[in-house]
Amino acid sequence: MAKGKGRWPKVDLDSGVEDVTLSILEWLGEQGVDAMIRVDAERMGDGQSAWTFAASGGPLDGGMRADGASVAECMGRALLRLREAGLAVPL
């Protein structure tokens, strides 16, 4: 992740979160949360953050979204946001 002025939380890109992404989505569904991850080919070609995680419903107070240049970055940010919202996602 690019260094900045603390606007974005630090994400551990070596955590292996991309390996358990489907398990995380399944767990969220079991909690009543609608969730998805997608890649935008156009943004990928432009070198932008092409991966998007979105979730809503269940115990979440509204929807949430996280973007990243890779699956690991996207899901790392998503897990941080989910935990801030009170969902302790098991890995």
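This is a predicted model: local features need pLDDT of at least 70, side-chain atom pairs count only at pLDDT 80 or more; totals for chains, interfaces and linings use all residues.
User: What is the mean pLDDT, and where is the pLDDT below 50?
Analyst: pLDDT is the predictor's confidence in each residue, from 0 to 100. The protein's mean is 85, and 84% of its residues reach 70 or more. Residues 1–9 fall below 50. Beyond near neighbours in sequence, that stretch has nine contacts in the model (contact: heavy atoms within 4.5 Å).

User: Which elements does the protein have, and in what order?
Analyst: Three helices and three strands. From the N terminus on, they run α-β-α-β-β-α. The elements are DSSP runs, numbered from the N terminus: helices are H or I with at least four residues, strands are E with at least two.

User: What makes Arg43 buried or exposed?
Analyst: Buried means under 20% relative accessible area, exposed over 50%, partly exposed in between (1.4 Å probe, protein chains only). Arg43 has 17% relative accessibility, so Arg43 counts as buried. Of the 91 residues of the protein, 31% count as buried.

User: Why is Asp67 given its accessibility class?
Analyst: Its relative accessibility is 22%, so Asp67 counts as partly exposed. Arg65 has a relative accessible area of 46% and is also partly exposed.

User: How do you know whether Gly86 is buried or exposed?
Analyst: Its relative accessible area is 63%, so Gly86 is exposed. Gly86 is found in the segment after H3. Its C-alpha atom is 8.1 Å from that of Leu60, 26 residues apart along the chain.

User: Why are the buried residues of H1 placed on the same side?
Analyst: The buried residues of H1 (residues 21–30) are Thr21, Ile24, Leu25 and Leu28. They cover an arc of only 100° around the axis, so they sit on the same side of H1. The arc is that of the directions from the helix axis to the C-beta atoms. An α-helix has 3.6 residues a turn, so residues three or four places apart point the same way.

User: What lies on the other side of H1, and what do the buried residues pack against?
Analyst: Leu22, Glu26 and Glu30 are exposed on the other side. The buried residues pack against strand E1 (34–39), strand E2 (51–56) and helix H3 (71–84). H1 is followed by Gly32, whose phi is positive, near 85°.

User: What makes E1 and E2 a pair?
Analyst: Two strands pair if DSSP finds at least two bridges between them. E1 and E2 have six, in the antiparallel sense. In E2, Phe53 is the bridge partner of Ile37. E2 and E3 pair in the antiparallel sense too, over five bridges. There, Thr52 has Asp67 in E3 as its bridge partner.

User: Which residues of E3 are on the covered face?
Analyst: Met64, Ala66 and Gly68. Arg65 and Asp67 make up the uncovered face. In a regular strand the side chains alternate between the two faces of the sheet.

User: Why is the contact between Asp67 and Arg43 called a salt bridge?
Analyst: The term needs a side-chain nitrogen of Lys or Arg within 4 Å of a carboxyl oxygen of Asp or Glu. The closest N and O atoms of this pair are 3.8 Å apart, and the pair counts as a salt bridge. Asp67 lies in strand E3 (residues 64–68) and Arg43 in helix H2 (residues 41–45), so the pair ties together parts that are 24 residues apart in sequence.

User: How many salt bridges are counted, and what makes a network of them?
Analyst: The count is five. Arg43 also bridges to Asp40 at 3.7 Å, N to O. Asp67 and Arg65 meet at 3.0 Å. Salt bridges that share partners join Arg38, Asp40, Arg43, Arg65 and Asp67 into one network.

Notes. Residues are numbered from 1 along each chain as its sequence is written. Side-chain values use heavy atoms; hydrogens and water are left out.
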